[in-house]
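Visitor: I'd like to learn how to read salt bridges in a structure. Could you walk me through it?

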Amino acid sequence: MIEYAPLSPIELSIEEAWLYCVTLEYNGYHDWRMPTIHEYITDPEIPTVTFDDDVPRILKNRGLVYSRKVKPVRDIND
C-alpha cells in the first residue's frame, strides 16, 4: 500500500523530480520516492504522464529538457 504527497507545485525535470521526492518532508515523513511505472498505470491518484518512457531520453539526447509535475509516494504497511 502507498501513501501520497501532494503533486509538486511546478513542473520538474526527471533529475529535479527525483531530488524533490527524496528530500521531501511531508506529514512528518522523509521516505518519499517517485512512483514506479506500475503505480502510474494502476493507480488513479497518480497523473498518467510519467518519466518512465522514452521521451526524456530522446529529448535529453537532443539537448532539450523534459519536465512534468511529480506526485511523491511512500510505502506503508497495513
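**Salt bridges around one arginine**

Guide: Let's start with a pair: the side chains of R74 and E3 form a salt bridge, with 2.7 Å from N to O. R74 sits in strand β4 (residues 73–75) and E3 in strand β1 (residues 2–4), so this pair links distant parts of the chain, 71 residues apart. This is a predicted model, where local features need pLDDT of at least 70 and side-chain atom pairs count only at pLDDT 80 or more, while totals for chains, interfaces and linings use all residues. Residues are numbered from 1 along each chain as its sequence is written, and side-chain values use heavy atoms, leaving out hydrogens and water.

Visitor: What counts as a salt bridge?

Guide: A side-chain nitrogen of Lys or Arg has to be within 4 Å of a carboxyl oxygen of Asp or Glu. By this rule the count here comes to 4 salt bridges.

Visitor: And strands and helices, how are they assigned?

Guide: They are DSSP runs numbered from the N terminus: helices are H or I with at least four residues, strands are E with at least two. D31, for instance, falls in the loop between α1 (14–23) and α2 (37–42).

Visitor: Which salt bridge does D31 make with R74?

Guide: Their side chains meet at 2.7 Å, N to O. R74 is in strand β4 and D31 is in the loop between α1 and α2, so the pair ties together parts 43 residues apart in sequence.

Visitor: Is R74 buried or exposed?

Guide: Buried means under 20% relative accessible area, exposed means over 50%, and partly exposed is in between (1.4 Å probe, protein chains only). R74 has a relative accessible area of 7%, so R74 is buried. D31, at 41%, is partly exposed.

Visitor: What else does D31 touch?

Guide: Contact means heavy atoms within 4.5 Å. Leaving aside neighbours within four places in sequence, D31 is in contact with V73, R74 and D75. D31 and D75 are 44 residues apart in sequence and 8.2 Å apart in space, C-alpha to C-alpha.

Visitor: Which residue does D75 pair with in a salt bridge?

Guide: R33: the two side chains meet at 2.8 Å, N to O. R33 lies in the loop between α1 and α2 and D75 in strand β4, so this pair ties together parts 42 residues apart in sequence. D75 counts as partly exposed, because its relative accessibility is 48%.
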